[in-house]
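Student: Hi! Could you walk me through this one? I'd like to start with a single side chain.

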Amino acid sequence: MKASDFDCIVIGGGHAGVEAAHAAAKIGAKTALITISKRTIAQMSCNPAIGGLAKGQIVREVDALGGLIGLATDATGIQFRILNRSKGPAVQSPRAQADRHRYAKFMQRALEETNNLKIIESIATEIIVKKNRVRAVTCKDGTVYNTQTVVVTTGTFLGGKLYIGSECWSGGRIDEPPSAELSESLKRLGMKLGRMATDTTPRLDAATCDLDKLEIQAGDKRPAPFSFMTEKIGRAQVPCWITYTDEKIHKLLRDNLDRAPLSSGQIKARDPRYCPSIESKVVRFADKRQHRIFLEPEEEEIKTIYCNGIFTSMPKDVQEQMLKLLPGTENARIVQYAYAVEYDYCPAAQLKSNLETKRVSGLFLAGQINGTSGYEEAAGQGIMAGINAALKCLSKEPIVLGRDRAYIGVLIDDLLTKEIDEPYRMFTSRAEYRLSLRADNADRRLTGLGKSVGLVDKKRWEKFENKLEKIDKVKTYLKNKSSDGVRLWEQLRQPDNAAAEQLVKSVAKERLFGNNDNSEAIEAVIVDAKYEGYLAKQERLVAGQQALEKKRIPPDLDYDKITHLRAEAREKLSAFRPGTVGQAGRIAGVTPADITVIQIHLRKYH
């Protein structure tokens, strides 16, 4: 049985799938999103929070490109905080708790209102390929959907298995079936698959928790929005609470390590390093007498509590005993037990920089299938895969973000050049150009690109241009106005000069903008001045690296025939197949001397 044709089909309705489907459709591709159920689109199956260190920058970048995650968070957030506020702007990151139910509904409504997008409730079982090009997708009910491109964003559903202690069953998320057939389809296409694992935390009935005796973690008094289009967050915020484990809990966990699949070896994939199980933390940090646990509301009405920090695959009785020992949850009722999930992923060395597979033209992968963790990393990949799938349909060149332009660029490049054997998580330390990849300037870095591909609408663009005009107006004034014989711009560049900052704010308010609130533009100017010298040095480094990034390596280059190339370098380069010389240099095991050899070879034979 045949259905209508599409330009792009997105498989999976998680955070990568939402952004991919929205982007492809908005650019103009006739798009279908195939998902098991409309009601589980954008479900927050783990922590109901968005942002965090480096992750907040990714959310701002997705928003600047014209994506949805920032708008959804602003509309449904229940607590907002800027992390690292005491440090420099380069490492400050926005974070928010979201109402998980309203967040999902916001995303579902946004997709329903997107032109060119059809949501299909079904299970994709096979990707049909002819002459190494995507041709169609077959679903479990037998329907075949013809298409030019496919974006696979299956999260933890590919060959998914769930674990609570000795209990084990097939599933992608709690109470949802896995996607076993699609794994086999990818294998038949020649894709290599591996296994990864992660785990969740218990969710508690908030009414049965004794939260009054715990330390409160409040949100910021002036919440900072994620989206450039959100004027302000005006609603009241809910608190989170902090509690701590103790030696009794640690002993309980150590005594039951053989009953936890992630510790016992029942799950073959390794326990995630950056989001480890509580039992793993107790073993790895045996010298620590306590571990901090955040009790976070999952909705504005505070009906359920997410125990951030108690990631575990322990059996139910151990989870119950642990919570009875934890201050604040002694009498708590568990509404959902923590569980581990093991699933298939495709090592990202099989992808090009535009997230298209090297083996099959028109097949894109985004999100956890590429070995990442987190809603934000998924959203960043999703929007780029959606953009590039749509551009391919339009016979246009793909968009590839460099490491100097976006955290999304760092993320994708790391996936393509690093040996990922556990869920990848973004940190500010991974970005060598983080001084310019700040949360506060994501709009200035990427809004123009979003407009060029058709994702940024007229309203956003006009607002963005207005901001740029104000920034230019303030800078021009400061560079021409002096105080005590020193231009205001130079005063502002001085470190820790609070008086200069205050002077600039008052001058801008009184002489440039009147009583209108233009704090965003003024703050941007202050940060630009503080970082001007550092950014000039960084730009020189970027310029030096650009030559290597532009030097393409033929995809079929035979490294075994390159004289003087070391055996380890041959092995790594043959496995990763980097697209550029710059990318080759970031592969572990490839030395600067190897890069020189490659450059000589390319000049001589290509």
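Student: Which backbone oxygen does the side chain of Gln57 reach?
Tutor: That of Gln92, at 3.3 Å. This is a predicted model, where local features need pLDDT of at least 70, side-chain atom pairs count only at pLDDT 80 or more, and totals for chains, interfaces and linings use all residues. Residues are numbered from 1 along each chain as its sequence is written, and side-chain values use heavy atoms, with hydrogens and water left out.

Student: Which side chain does Gln57 join in a polar contact?
Tutor: The side chain of Ser93, at 2.8 Å. A polar contact is a pair of N or O atoms within 3.5 Å; within protein, one must be able to donate a hydrogen and the other to accept it, and residues adjacent in sequence count only if both atoms are side-chain atoms.

Student: Is Gln57 buried or exposed?
Tutor: Gln57 counts as buried because its relative accessibility is 0%. Buried means under 20% relative accessible area, exposed over 50%, partly exposed in between (1.4 Å probe, protein chains only).

Student: And where is Gln57 placed?
Tutor: In helix H2, residues 55–65. Helices are DSSP runs (H or I, at least four residues), numbered from the N terminus.

Student: New topic: how many residues of H10 are buried?
Tutor: 18 of its 19, so H10 is mostly covered. After H10 comes Ser395, with a positive phi near 60 degrees.

Student: What about H1, how many are buried there?
Tutor: 12 of the 13 residues in H1, including His15, Glu19 and Ile27. Gly28 follows H1, and its phi is positive, near 130 degrees.

Technical notes
Helix = DSSP H or I, 4+ residues; strand = E, 2+ residues; numbered from the N terminus.
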